[in-house]
Amino acid sequence: MPVNGARARRDRIVHLATTTGLTSVEELSRTFGVTASTIRRDLAQLTADGRLARTYGGAMALVAHPEASLRQRTGEAFEAKRAIALWAASTVRAGETVLLDAGSTVGALAHELRTAEGLTVATTGLTALQELADVETVQVECIGGTLRPLSQSFLGPLAEAALERMTFDRVFLGADGVTAEHGICEADLRQTRLKELMARRAEAVYVLAHSAKIGRRPFHTWVRLPPGWTLVTDADADPGEIRALRAQGVEVTIVGDE
């Protein structure tokens with residue numbers, strides 16, 4: 001099955017790994033009519049991009065729910081994200097110092113904060129930086145570190161050290177998934193550690209997650225969701241998960257709930 005171009009071939013490799021499971025270098029070489037060396041380069045790039053996980057013997061295994069890039073996620077659930085962002089922006093007061101996570105929903109919040117007055121916004125996400133870079137009434141602080149391209153976020157020891165020098169009135173966190181049993185799901189252990197540190201530095205903690213993420217557990221790294229934090233989601237969220245979260249002491253705000 002000839003496939004023209006490295007990008008198209010790599011997309012097809014991801015699709016095959018998702019639908020058929022483990023795939024060997026030799027099988028892929030025969031399928032695409034290219035050398036084993038070419039396939040190894042493809043797999044190395046896909047692994048670096050976070051789209052595949054390597055296994056022994058040259059076989060590839062895709063994580064059960066591959067992580068979408070921030071660009072891919074930006075257009076998903078647009079209306080729900082905007083409603084969540086509008087509610088979150090309404091909680092912010094002039095003169096406050098707030099911390100924004102990376103992610104598309106938190107990026108939507110950054111857009112809503114463009115009209116804020118006398119606000120200081122620190123962020124670990126490129127989207128928020130881009131949204132607020134030209135806003136003269138908002139002081140922007142970049143929590144720098146190692147750039148994670150897939151999520152367009154900064155993390156690692158430099159980001160952690162920067163957080164130790166600031167405190168915040170509010171922090172707004174994103175999530176790949178949220179469950180009552182485990183908390184906030186993320187694709188990378190470094191992200192879970194950073195979220196925990198961000199929460200410790202803030203007076204109030206909000207988790208912004210549209211309904212498709214509630215009850216979802218695409219990965220195996222977690223942040224505990226303790227009593228007193230506020231989950232903000234939309235009216236299509238799983239009622240059972242919402243009841244369980246509230247029973248554990250998590251504050252849940254449902255935007256658009258009549």
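**Exercise 1. Overall make-up**

Determine how many helices and strands the protein chain has, and what share of its residues counts as buried.

*Solution.* The protein chain of this predicted model contains ten helices and 14 strands. Of its 258 residues, 50% count as buried. Next, consider the contacts with a sequence separation of 6 or more: residues 24 or more positions apart account for 59% of these.

**Exercise 2. The nonpolar cores**

Identify the residues with the most contacts inside the largest nonpolar core, and state which element gives the most to this core.

*Solution.* Step one concerns the core itself. The largest nonpolar core has 32 residues, and V178, W229 and L231 have the most contacts inside it. Step two concerns the elements. Two or more residues each come from α8 (157–163), β8 (168–173), α9 (189–200), β11 (202–208), α10 (239–247) and β14 (251–255). Helix α9 gives the most, with four residues. A second, separate core has 23 residues, including L119, V121, Y206 and V255.

Step three returns to L231. Leaving aside residues up to four places away in sequence, L231 touches V178, V207, A209, I214, I242, L245, V250, E251, V252 and T253.

**Exercise 3. Packing of α2 and α3**

Describe how helix α2 and helix α3 cross, and classify the residues of their contact.

*Solution.* Two packed helices are described by the angle between their axes and the distance between the axes. The axes of α2 (residues 25–32) and α3 (residues 36–48) come within 9 Å and cross at roughly 110°. An angle of 65 to 115 degrees counts as roughly perpendicular, so α2 is roughly perpendicular to α3. From α2, the residues V25, L28, S29 and F32 take part; they meet A36, I39, R40 and L43 of α3. By class, the residues of this contact are six nonpolar, one polar and one charged.

**Exercise 4. Aromatic residues**

*Solution.* A pair of aromatic rings is described by the distance of the centres and the angle of the planes. There are two aromatic pairs in the count. Together with W87, the two residues form one aromatic cluster.

**Exercise 5. Helix α6 and T105**

Decide why helix α6 is described as largely enclosed by the rest of the structure, and list what T105 touches.

*Solution.* Seven of the nine residues of α6 (residues 104–112) are buried, and the helix is therefore largely enclosed. The buried residues are S104, T105, V106, G107, L109, A110 and E112. T105, a residue of α6, has a relative accessible area of 3%. Not counting residues up to four places away in sequence, T105 touches K81, I84, A85, L208 and H210.

**Exercise 6. The backbone at Q152**

State where Q152 is found and what its phi is.

*Solution.* Q152 is found in the loop between β6 (146–148) and β7 (153–155). Its phi is positive, about 55°, although Q152 is not a glycine. With 27% relative accessibility, Q152 counts as partly exposed.

Key. Residues numbered from 1 in each chain as written. Predicted model: local features only at pLDDT ≥ 70, side-chain atom pairs only at ≥ 80, totals over all residues. Heavy atoms only, no water. Core = buried A, V, L, I, M, F, W, Y, C linked by side-chain atoms within 4.5 Å. Buried < 20%, exposed > 50% of the residue type's maximum accessible area, 1.4 Å probe, protein only. Contact = heavy atoms within 4.5 Å. Axes fitted to C-alpha atoms, helices over the stretch in contact; angles between N-to-C directions. Parallel < 35°, antiparallel > 145°, perpendicular 65-115°, else oblique. Nonpolar A, V, L, I, M, F, W, Y, C, P; charged D, E, K, R; others polar. Phe/Tyr/Trp six-rings, centres within 6.5 Å; stacked < 30°, edge-to-face > 60°.
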